[in-house]
Amino acid sequence: TWHLKKIPQIVRERTFSLDSPTFEAKTKLELNSVCGIECQRKLPAPSLSDLKNLLSYETVFENGSRTLTEVNVLGAVLDPAANTTTQRPLRKKRQIYGTDSRFSIYDKRFMTNFPFNTAVKISTGCSGILVSPKHVLTAAHCLHNGKDYVKGSKRLRVGLMKTKSRGNGRKRKGAKRKTSDGLPSFQWTRVKSTHIPKGWFKGVSEDIALDYDYAVLELKRPHKRKYMELGISPTIKMMPGSMIHFSGFDNDRSGQLVYRFCSISEESNDLFYQYCDAEPGSTGSGIYLRLKEPNKKKWKRKIIAVYSGHQWVDINGEQQDYNVAVRITPLKFAQICFWIHGNDGNCTQG
């Protein structure tokens, strides 16, 4: 376990109607960030008014209508050294580092059971993770490019994994029966509404937009499977087992669920820089850690970050690349929990 900070409260203040989005942006699964690790070190901690602005959020509904909700933040601890990072040597890397260490999950006994069955596919080409009977956590840039909502996000759908049955119903005389080799197919569910923090929008957060690359989707119908619990991200030094884990639907392994684990190399207050092997398509996956509960045989898993994907960042005037994850800080925990429950009453324990 690790010591948890007190959870602040996110309180809804006002909600306004906005014009419907045009849904014309192109989906971009590889991002350029002008603010890399060195830049993150120099950023001042946001003030309370900054936080209220960054954590206010847009909601888009399935009929295309849109609202903006302004929030107040209560009990936030403003850390003047918020963006200090570990001082480690910087290395130039790629999305696959040396030997590809990803595992394709073929066995349907694993694929359709916890924790792997919490991974979902987003119709815009990303992955996500189930965080309640009706909610999915994913990356904001899978739905919005910072200026407009992406094409395909108006009729957004979420694919929950199921395994194909062997064969395709009644067999025609003389026809060969096809087999599926246990590859997953998807039960698609429409999305009722989408929440994205204002911190992701260009013109609001500028250099720190990447810190707010997360979104929550509310499904039109609840699912009946087990989902993953949220947790607050520990620092690297306090990481149980020193490993993070995540599963998604990488584009280069079509139709397969891909699992990986690795350690984290760098951190800022809001981001993890890590070298887990990943390809586009796994963006938006929930990154979790495993905890061994005292006196219990079973592992407990907690989502502590959202995989934002492969990022190009400026370091000493040169572009370097990393696989980056957005940490679930106490503030983000409070916001995501508020989106799920509609109030902060269930969100006081991290």
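Tutor: Start with secondary structure: helices (H or I, at least four residues) and strands (E, at least two) are DSSP runs, numbered from the N terminus. Here the chain comes to four helices and 19 strands. Ala325, for one, sits in strand E19, residues 318–327.

Student: What kind of model is this, and how are residues numbered?

Tutor: This is a predicted model: local features need pLDDT of at least 70, side-chain atom pairs count only at pLDDT 80 or more, and totals for chains, interfaces and linings use all residues. Residues are numbered from 1 along each chain as its sequence is written, and side-chain values use heavy atoms, with hydrogens and water left out.

Student: Is Ala325 buried or exposed?

Tutor: Buried means under 20% relative accessible area, exposed over 50%, and partly exposed in between (1.4 Å probe, protein chains only). Ala325 has 0% relative accessibility, so it counts as buried.

Student: Which residues is Ala325 in contact with, leaving aside neighbours within four places in sequence?

Tutor: Contact means heavy atoms within 4.5 Å. With those neighbours within four places set aside, Ala325 is in contact with Asp270, Leu271, Phe272, Gln274, Ile287, Ala305, Val306, Tyr307 and Ser308. For C-alpha spacing, take Ala139: 186 residues from Ala325 in sequence, 9.5 Å from it in space.

Student: What share of the chain's contacts with a separation of 6 or more joins residues 24 or more positions apart?

Tutor: The share is 74%.

Student: Where is Lys151, and what does it touch beyond four places in sequence?

Tutor: Lys151 is in the loop between E8 and E9. Lys151 is partly exposed, at 48% relative accessibility. Not counting residues up to four places away, Lys151 touches Phe23, Glu24, Ala25, Thr27 and Thr124.

Student: Now the covalent link. How many disulfides does the structure hold?

Tutor: A disulfide is a covalent bond between the sulfur atoms of two cysteines. The test is a pair of cysteine sulfur atoms within 2.5 Å. The structure holds one. It joins Cys126 to Cys142, S to S 2.1 Å. The pair links distant parts of the chain, 16 residues apart. Cys126 is in the loop between E6 (119–122) and E7 (127–130), and Cys142 is in the loop between E8 (135–138) and E9 (157–163).

Student: What is the handedness of the disulfide of Cys126 and Cys142, and why?

Tutor: The torsion about the S-S bond is about -95 degrees, so the disulfide is left-handed. Cys126 is buried at 0% relative accessible area. Cys142 is also at 0%, and counts as buried.

Student: On to helix H2. Which of its residues are buried?

Tutor: In H2 (residues 48–55), Leu51, Leu54 and Leu55 are buried. Seen down the helix axis, the buried residues of H2 fall within an arc of 85 degrees, so they line one face. The arc is taken over directions from the helix axis to the C-beta atoms.

Student: How many residues are in the largest nonpolar core?

Tutor: A nonpolar core is a set of buried Ala, Val, Leu, Ile, Met, Phe, Trp, Tyr and Cys residues joined through side-chain atoms within 4.5 Å. The largest has 67 residues, and those with the most contacts inside it are Leu55, Leu137, Val158 and Leu230. Helix H4 (residues 330–341) gives the most to this core, with eight residues. Apart from it lies another core, of 16 residues, among them Cys262, Ile287, Leu289 and Ile304.

Student: Last topic, rings. How many aromatic pairs are there in the whole structure?

Tutor: Rings of Phe, Tyr and Trp (its six-membered ring) pair if their centres lie within 6.5 Å; planes under 30 degrees apart count as stacked, over 60 as edge-to-face and the rest as tilted. The search finds six pairs. One of them, Phe186 with Trp188, is tilted: 5.7 Å centre to centre, 50 degrees between the planes. Phe186 is buried at 18%, whereas Trp188 is partly exposed at 30%.

Student: Why does the pair of Tyr214 and Trp339 count as tilted?

Tutor: The ring centres of Tyr214 and Trp339 are 6.1 Å apart and the planes are at 40 degrees, so the pair is tilted. Tyr214 lies in the loop between E10 (184–197) and E11 (215–219) and Trp339 in helix H4, so the pair ties together parts 125 residues apart in sequence. Tyr214 is buried at 1%, and Trp339 is buried at 6%. Ring pairs link Tyr57, Tyr212, Tyr214 and Trp339 into a cluster.

Student: Which charge sits over the ring of Tyr212?

Tutor: The criterion is NZ of Lys or CZ of Arg within 6 Å of the ring centre and within 35 degrees of the ring normal. The charged end of Lys332 sits over Tyr212, 5.4 Å from the ring centre. Arg157 lies over the face of Trp188, at 4.7 Å from the ring centre.
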